[in-house]
Protein chains: 2
Amino acid sequence: MALIVQKFGGSSVADAARMRNVAGIITETYKAGNDVVVAVSAQGDTTDDLIEKAREINPDASKREMDMLLAAGEQMSAALLAMAIEKLGFPVVSLLGWQAGVQTDSHYGMAKIKTVSSERLTAELAKRNIVIVAGFQGINKYEDVTTLGRGGSDTSAVALACALRADKCQIYTDVDGVYTADPRKVTGARKLDEITYDEMLELATLGAQVLHNRSVEMAKKYGIEIEVLTSLERKPGTIVKENAKMEKMLVRGVAKDTNVARISIVGLPDTPGVAFRLFDRLAQKKINIDIILQSVGRDGTKDITFTVAGEQADEAMAALADMGNANVVCDRDVAKVSIVGAGMETHPGVAAKMFEALYDKSINIQMIATSEIKVSVLIARGDADKAVQAVHDAFIK
Amino acid sequence: MALIVQKFGGSSVADAARMRNVAGIITETYKAGNDVVVAVSAQGDTTDDLIEKAREINPDASKREMDMLLAAGEQMSAALLAMAIEKLGFPVVSLLGWQAGVQTDSHYGMAKIKTVSSERLTAELAKRNIVIVAGFQGINKYEDVTTLGRGGSDTSAVALACALRADKCQIYTDVDGVYTADPRKVTGARKLDEITYDEMLELATLGAQVLHNRSVEMAKKYGIEIEVLTSLERKPGTIVKENAKMEKMLVRGVAKDTNVARISIVGLPDTPGVAFRLFDRLAQKKINIDIILQSVGRDGTKDITFTVAGEQADEAMAALADMGNANVVCDRDVAKVSIVGAGMETHPGVAAKMFEALYDKSINIQMIATSEIKVSVLIARGDADKAVQAVHDAFIK
């Protein structure tokens, strides 16, 4: 007998038929002799509808009241899912975040789980109840309702799994696993059987929106095995764990990120502290910098180029409005293409092979960034899909 | 400075415009220097919509899970109302039943408030916050969410008023007070300035659905003054209190109840214990009996006639299916018309005057029941509206 935590996203419980399907998955797991704890998201568009309702009344509503409002979405889906399980004749109880002991900090709208006090959960499991927990929510030290931000139900599930020392955490979504690239766009994209936490984190950061980053970080810290799989078919998904099998693949995934802009400052005086003052100014505006390139220009000047997330480009440009004689230029017509793989640490030729694949397709590389398990290049946005396919073809057979 | 508890029903907060209107009423009360605590119902049809959603998934859902589901309705309206008040620039906080300390028994779907632990409420008032409490809900000793049944937000408001020793409890509805009769149907119906708790209780029981009965009982017990008024206009309503002014009116209200059926058992053996066994059988089926009439029949038999609520008539008939030689007849074509007034205790001619008014209109009286402050008659349903008007004309000028 194992203890299994399952998470079902909004599309998995969008209507009564999907609810019944999910109730089927949960009760099959229970019938097989397992203890089952479930974290569930709000149904379909509920969260968006509630945000719209709030906006109509007060576009500047406090985050505390927004959390109070939005938490009702998961409350409703948890109760309805419990009813669907009752209908199948199994013992079940739904719990809100605070009832399940999910304690967070007070960062409303983006709260972090601090601890999960598992007394109630343990007591319900001891009664052989299936436990449905409203995902995405918790309470802070003031006993006020908080929410964990978009994708927070993944984090709820992993936090519950960690607190209960679960044997496995299954994240059910509308895709059937983690792929080497977006299968809708890249020919030959393959589903991975296994992937390491670090690879998953790099892929998540790079725009493969399968798992919420914080949930992967937490799973890594506590060594909880995650399985990403679909609720629409009964087949195995992708296992995320520390020592994932390598499958003789250097590169585990190719990701594309088009939410990026490149900003260049040309003709800065080449004196000490210039770069520091520049990036300090951006940091004060809470603008995250990604790739940075510095080059020596002509006549004792230098050029600095960096990338930011697309939605922060305007803010960054405003922060840099007054740069003396330097010329500030923003290019939004760019994309970042990355390869991720734990194996590349010990294989120095990986980056070269990627560049060669791009050169073969006459794709110009504007910037390069590397980490132990990742190589990213910035290219023209129009080349992005072609680049992903070319790189995928080069590494993944 | 006073402490005022206000309650707003579902139609008062049905949409964004109504929410803004209610936020206006609340903040005007606050601006006048008062502490304000508000109990709010779910918006418009939210509760019915949620019940329909549950029915689609499981028509026999447990009451515990129904309460978990329905409580989300008041959570959403409390948060939205708080946002509307934030928009007007006032300090406000919304609280769920459990956060407001509303503790109930475990009778899911129909829970009774046991106590209100007012620490959090008091702390929020000390910070000069307007406090919006989700009505209709509480928690039981297992820390599970409960609901108080239809109309429960009235009880929430009065319970909060009692716990906080409020100076006044204002119940905002879609009618502007308590009337001597239904003003849509009875010419000359007048709004009352004041009414006693007992009169209000009799009127509520008799079908004038202005205030939830339990809320009036609780207000009476703790001596909390209630005002019933409309949220759609700014004008005084009706005050419910112990020593209401008499206004020289013997009769405070004329009520009609058509949700009633008369059951007659003709030809019972006239032996001891017959009536006991009959009513014991009905009691075991939890069927409430209202007016009872027993008369001696022919040939050593007797007849018993009584009334039940319309929806319990079939059950009552089924329970009486096997009554030997006696003949059981059910008449649903009846109505109960009642006059209520604390003054009639000391005025013996009141009942006679009522009967005379009915006689003048040739309305036949089938049964009569009286209490200290009430006279009820059972008549043919087709005569009901005419009877109410005639009785109203006789007593209320």
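Gly223(A), the residue that follows helix H7(A), has a positive phi, near 65°. An α-helix has 3.6 residues a turn, so residues three or four places apart point the same way. The geometry described here and below belongs to a predicted model.

From this local feature one may turn to the chain that contains it. Chain A comprises 11 helices and 20 strands. Of its 397 residues, 48% are buried. The C-alpha trace of chain A extends over about 80 × 50 × 35 Å along its principal axes. The radius of gyration of chain A is 23 Å, which agrees with the value near 21 Å that a compact globule of 397 residues would have. As for the contacts within chain A, among those between residues at least 6 apart in sequence, 73% link residues at least 24 apart.

The relation between the two chains comes next. Chain B is superposed on chain A by a rotation of 180° with 0.0 Å of shift along the axis, at an RMSD of 0.1 Å. Such a relation is that of a two-fold axis. Within chain B, the C-alpha nearest this axis belongs to Ala72(B), at 2.5 Å from it. Both copies use the same surface, in that 100% of the contact residues of chain B recur in chain A.

The interface itself can then be described by its elements. In it, 25 residues of chain B are in contact with 25 residues of chain A. On the side of chain B that touches chain A, helix H1 (16-31), helix H2 (46-57) and H3 each supply at least two residues. H3(B) contributes the largest share of that side, namely 13 residues.

Two packed helices are described by the angle between their axes and the distance between the axes. The crossing in which H2(A) passes H3(B) is right-handed. On the side of H2(A), the contact is made by Lys53(A), Ala54(A) and Ile57(A). H3(B) meets these residues with Leu80(B), Met83(B), Ala84(B) and Lys87(B).

Note on methods: Residues numbered from 1 in each chain as written. Chains lettered and ligands numbered in written order. Predicted model: local features only at pLDDT ≥ 70, side-chain atom pairs only at ≥ 80, totals over all residues. Least-squares fit on C-alpha atoms with pLDDT ≥ 70 in both. Contact = placed C-beta atoms within 7 Å. Helix = DSSP H or I, 4+ residues; strand = E, 2+ residues; numbered from the N terminus. Rg over C-alpha atoms; globule rule 2.2 N^0.38 Å. Buried ≥ 20, exposed ≤ 12 C-beta atoms within 10 Å, placed from the backbone. Left-handed = near helix turned anticlockwise from the far one by under 90°.
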